[in-house]
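Hello,

I am handing over the structure below, followed by notes on what was found in it. Please read the notes with the structure open.

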Amino acid sequence: MSEPAAQYASGRRRKLSRPAKLAFASGSLEEAMVGAAGIATMLFYNQVLGVSAALCGTAFLIASIVDAVSDPTVGALSDSVRTRWGRRHPFMFLSALPLGVSFYCLYQPPDLSEFGLFLWFTAFFVLLRIAKTFYTVPHAALGAELTDDYDERTSIFAWNWVVMNIGSIALTAFVLMVIFPTTDEYDNGLLNPGRYEWLAVIGGVFVAAMVLTCTLTTANQIPHLHQQLAALPDEARQRYRRFFRDLVENLGGLFRNRSYVSMFACWVVLSITGGIKGVVVTYAFIYGFEFTSEEITLQQVVRVPGAFLGIVLCAWLTRLIDKKYSVIALCYSAGFLVGLPFCLRLVGWFPDNGTLALLVAFFGIWVIGYIPFQSVSIVIDSCLSDIADEHELATGNRAEGMIFALRTFGAKMTAGFGGLFAGFGLEIIGFPERADVATLAPEVIDGLLFMIGPLYWIIVFGGLGLAFLYNIDRERHARILQGLEARRSA
């Protein structure tokens, strides 16, 4: 390697301090709050306000269609824009207020007809998702830009995932036990309409505050990002690239990249099953297992070991079998264990409702299952960062925004297509509006269990075979970096 290339490499393959990693990871608390509130979204509009499950599913579908356009567009914009505050930070900063306002309005609709509530739900769910796009896409791309080091990237995203998980555990417990406690009038607090005002106010303020915190505390990293290190090829492109041409070229290049197609498809499968799980599990907990809102909080408690073991497991596993086989092993083991309790109940091999044995059996399985489950995202994000290097070597463009936009779109499919499938699934099994546990037919309960048990397994096990297409290992990534460093230093 030439001397300029070696100097450039030493600057780009840097290690980050713990405060820097924590500053970046603090941005994931916005997603943790939105996710914590998300457990109640379908239930709120369907069971509390009386909007049909099919209309709710349609709202999720419309939001996903909008995401399919907005996510790659914002990703391309954040790759292209040139400002004194960098490429990512202006988008992150400007998203704070729209995120807070749309979150509040989503959970505080006026008194409207069923169709009026559907329109309100759709409008503010879409606005929330657009505002979220303007934050999460640049934030994820920022993580990929902080260093080129193969293992340090895994560490950065591990910190991000651990903070998000700890935040998700704490915030979901807060939502269930403080905002929606069980009362004499409501056996499950999530069915109490009067408490949604608290969710709207607290959640709206919190997401805006976390966005601003991350944006301001990571501003000192702007000089180390790619746009500050690489000269632009001509004067006309000093502020913006040829946006639409680069958008088409980057999309084409990414979908010709087998490693990217592999990880994107893997993420989409996980997101869709996660969306089905996120909606249907709440219904199954309340109507199938008859858990109180306090008992549902155990769903978050069982994630604690995985939140702390995630960093250790990822570091050990990726060094042992590299990133590709780590993703495969983690996905299959997590998918099996997460769906197992519902399959066992479906065939009658699980304890009865209202017993301590049920809580121990159900959440005991999930304690083990959530350890690999929470590690998958860390390794996939690290893989996507390596793909950004491969894409630059092939096309000459840095496209972290585009790469993580499509990943973020996949993540938002958790609440999009997952919500769509869950909504129409509830219609197919005949789940009633404003349901009563005492009068629900056994076949309706079996339908819930099938959706989150056998159907969940079929999608996970059938869809994740594409992960075998991924073809970047440690040695290949080292060769990619050598080629990039020689080109950049020139």
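Lys323 has a relative accessibility of 1% and therefore counts as buried, the cut-off for that label being under 20%. Please keep in mind that this is a predicted model. The partner of Lys323 is Asp386, and the closest N and O atoms of this salt bridge are 2.6 Å apart. Asp386 belongs to helix H17 (residues 376-395) and Lys323 to helix H15, so the pair links distant parts of the chain, 63 residues apart. Asp386 is buried as well, at 0% relative accessibility.

How many salt bridges does a search of the whole structure find? The search gives five. As background, side chains of opposite charge can pair when their charged atoms come close.

Arg87 forms a salt bridge with Glu145, with 2.5 Å between the closest N and O atoms. Because Arg87 sits in the loop between helix H4 (53-80) and helix H5 (89-94) while Glu145 sits in helix H7, this pair ties together parts that are 58 residues apart in sequence. Arg87 and Glu145 are both buried. Arg88 also forms a salt bridge with Glu145, and here the closest N and O atoms are 2.8 Å apart. Arg88 lies in the loop between H4 and H5, so its pairing with Glu145 in helix H7 ties together parts 57 residues apart in sequence. The relative accessible area of Arg88 is 0%, which means it is buried; Glu145 also has a value of 0%.

Now the aromatic rings. The count comes to 37 aromatic pairs. One of them is Trp120 with Phe124, a tilted pair with 4.5 Å from centre to centre and 40 degrees between the planes. Why are these two residues separated by about one helical turn? They are four residues apart in helix H7 (residues 114-145). Trp120, at 22% relative accessibility, counts as partly exposed, whereas Phe124, at 17%, counts as buried.

The rings of Phe342 and Phe362 have centres 5.4 Å apart and planes at 85 degrees, so this pair is edge-to-face. Phe342 is in helix H15 (residues 304-346) and Phe362 in helix H16 (residues 356-373), and the pair links distant parts of the chain, 20 residues apart. Phe342 is buried at 0% relative accessibility, and Phe362 is buried at 0%.

Last, one aromatic cluster has among its members Phe44, Tyr45, Phe60, Phe103 and Tyr196.

Regards

Key:
Residues are numbered from 1 along each chain as its sequence is written. This is a predicted model: local features need pLDDT of at least 70, side-chain atom pairs count only at pLDDT 80 or more; totals for chains, interfaces and linings use all residues. Side-chain values use heavy atoms; hydrogens and water are left out. Rings of Phe, Tyr and Trp (its six-membered ring) pair if their centres lie within 6.5 Å; planes under 30 degrees apart count as stacked, over 60 as edge-to-face and the rest as tilted. Buried means under 20% relative accessible area, exposed over 50%, partly exposed in between (1.4 Å probe, protein chains only). A salt bridge is a side-chain nitrogen of Lys or Arg within 4 Å of a carboxyl oxygen of Asp or Glu.
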